[in-house]
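Biologist: I am new to this model and would like a close look at a single part of it. Please start from the core and work towards the part that interests me, the surface around the DNA.

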2 protein chains.
Amino acid sequence: MTPPILTIGDDILTARQKDVLDAALGLLVEGGDGLTMTGVARRASCSKETLYKWFGDRDGLLTATVQWQAAKVRMVPVDRERLDKRALGIALEKFARDLLSVLSGDASVALNRLAVSHAGQEKRDLGMIVLENGRYAMGRRLKPVLDAGRDAGLLKFEDCEDAFRSFFGLVVRDVQIRLLLGDRMKLDEKTILDDARRAREQFFALYGA
Amino acid sequence: MTPPILTIGDDILTARQKDVLDAALGLLVEGGDGLTMTGVARRASCSKETLYKWFGDRDGLLTATVQWQAAKVRMVPVDRERLDKRALGIALEKFARDLLSVLSGDASVALNRLAVSHAGQEKRDLGMIVLENGRYAMGRRLKPVLDAGRDAGLLKFEDCEDAFRSFFGLVVRDVQIRLLLGDRMKLDEKTILDDARRAREQFFALYGA
DNA sequence: CATCAACCGTACCGTACGTTACGGTTCGGC
DNA sequence: GCCGAACCGTAACGTACGGTACGGTTGATG
């Protein structure tokens, strides 16, 4: 399998550049402050001149960092073969587990904080990048499964987008906003498993045929 | 009825101080930048010396601003008299409408952006203030209704907190995170009404006795 | 070895902004 | 009218940080 290719402008990322972005990610996760050009240069043992040469300006570095992290988060795709109710339920539950795991991770929280704080200003819109690689990517990934479930007579809904949004709500509930606002809620393995199962059951109760 | 009392340290807010906080709110809503001490002083026609005398430092001003806005958002309480299924449904649906209206307002989005970007740093935790006056206050307000619904044999759940979280998920879904990330989604009157009705129906389908 | 590009480390510059200081003005109390 | 407190407007200070410049080093190429 070919490694994922991430581009900066027209060029692909070198290993050294990935190291720099990992350094930026580390600083970002350790706390919003500290993520300065000087800080990244020191952490990555590179010069600020190099940072500006590679990424243009601070916004370019942040954008590349967000995209780099997004490229690392690759949830395993759900297959739509042999679709009976049990297989569909397993697929939905696994999707819910992956979603909760990613969402509650330090990197996701830090990245969404950064993107939220930068949204609303014009600039290069980090918010849109996170939306595109987060919420929207989730929808694109699950919708084929939902459609297949409807085609197989297992689910019943008019608007696939709407059905996905309800599933999203049943899975995430208030978890993301609470984490973003600094609520130290525990989301251990068992909690995630239970939440995913509950979301699957509730979704079937609402949209099962 | 006595006006709500908001304190700064041990003193209550004077009208002039409220004007200052409204100026800060205006700048905040107009865009994250611009909310500087100089900007607030200019907008409110007061001196920076006064700002520091009243609010201590920038964090104090931001904290007071957040609390001031929170004090302005007072959703009408839901009464638990004459509780039949229809009355309960109306109460839930109204709660959902109010929640969506507040959540999608400019002030709420701006305030949550500010709080999210300040969460995670130690400091005076704006995130906790917003959580306390937002998400947690919603729970405290709706839980009596849910409990009354269960006592009246209209609802069925084990954990009231869990039931509320599911209702929250059904109402809010992906709206808040998308707005915070800068998604320009339309949430007009009709959309809110439809979403509230759907949330009520789905909640009854899941938790109706 | 000579050359050249890439890069590291550091010093430097300009600006934005939080914070403080101060002179001038208003206003209530005596 | 006099005094002091509160406050306005503005100037000034210190610092953090984005961005730039430059000398020194490394490493590949011929």
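Modeller: In this predicted model, the largest nonpolar core has 141 residues, and the members that touch the most others are Leu146(A), Phe167(A), Phe203(A), Leu146(B), Phe167(B) and Phe203(B). Take Leu146(B) as an example. Apart from neighbours within four places in sequence, Leu146(B) is in contact with Leu92(B), Leu155(B), Phe157(B), Cys160(B), Ala163(B), Phe164(B) and Phe203(B).

The next point is how the two chains are related.

One residue that touches both chains is Arg173(B). Arg173(B) sits in the loop between helix H9 (160-172) and helix H10 (175-180) of chain B. With a relative accessible area of 4%, Arg173(B) counts as buried, because buried means under 20%. Its side chain makes a polar contact of 3.4 Å with the side chain of Asp195(B). Leaving out residues up to four places away in sequence, Arg173(B) touches Asp162(A), Arg165(A), Ser166(A), Phe168(A) and Gly169(A) in chain A, and Phe168(B), Asp195(B) and Arg198(B) in chain B.

Of the atoms of DNA strand D that come within 4 Å of the protein, sugar and phosphate account for 59%. Phosphate oxygens of DNA strand D lie 3.0 Å from a backbone N or O atom of Met37(A), 3.4 Å from a polar side-chain atom of Tyr52(A) and 3.5 Å from a polar backbone atom of Ser45(B). Two or more residues of this surface come from each of helix H3 (48-55) of chain A and helix H3 (48-55) of chain B. H3(B) gives the most, with 5 residues. By type, the residues near DNA strand D divide into 4 nonpolar, 4 polar and 8 charged.

Of the 16 residues around DNA strand C, the nearest are Arg16(A), Lys48(B), Glu49(B), Tyr52(B) and Arg58(B). Sugar or phosphate makes up 60% of the atoms of DNA strand C within 4 Å of the protein, and the rest belong to bases. One base nitrogen of DNA strand C is 3.0 Å from an N or O atom in the side chain of Glu49(A). On the phosphate side, an oxygen of DNA strand C is 2.9 Å from an N or O atom in the side chain of Thr50(A), and a phosphate oxygen is 3.0 Å from a polar backbone atom of Met37(B). The elements giving two or more residues to this surface are H3 of chain A and H3 of chain B. Here the largest share, 5 residues, comes from H3(A). The residues near DNA strand C divide into 4 nonpolar, 4 polar and 8 charged.

Notes
Residues are numbered from 1 along each chain as its sequence is written. Chains are lettered from A and ligands numbered from 1 in the order in which they are written. This is a predicted model: local features need pLDDT of at least 70, side-chain atom pairs count only at pLDDT 80 or more; totals for chains, interfaces and linings use all residues. Side-chain values use heavy atoms; hydrogens and water are left out. A residue is near a molecule or strand if one of its heavy atoms lies within 4 Å of it. A polar contact is a pair of N or O atoms within 3.5 Å; within protein, one must be able to donate a hydrogen and the other to accept it, and residues adjacent in sequence count only if both atoms are side-chain atoms. Helices (H or I, at least four residues) and strands (E, at least two) are DSSP runs, numbered from the N terminus. Ala, Val, Leu, Ile, Met, Phe, Trp, Tyr, Cys and Pro count as nonpolar, Asp, Glu, Lys and Arg as charged, and the others, Gly among them, as polar. A nonpolar core is a set of buried Ala, Val, Leu, Ile, Met, Phe, Trp, Tyr and Cys residues joined through side-chain atoms within 4.5 Å. Buried means under 20% relative accessible area, exposed over 50%, partly exposed in between (1.4 Å probe, protein chains only). Contact means heavy atoms within 4.5 Å.
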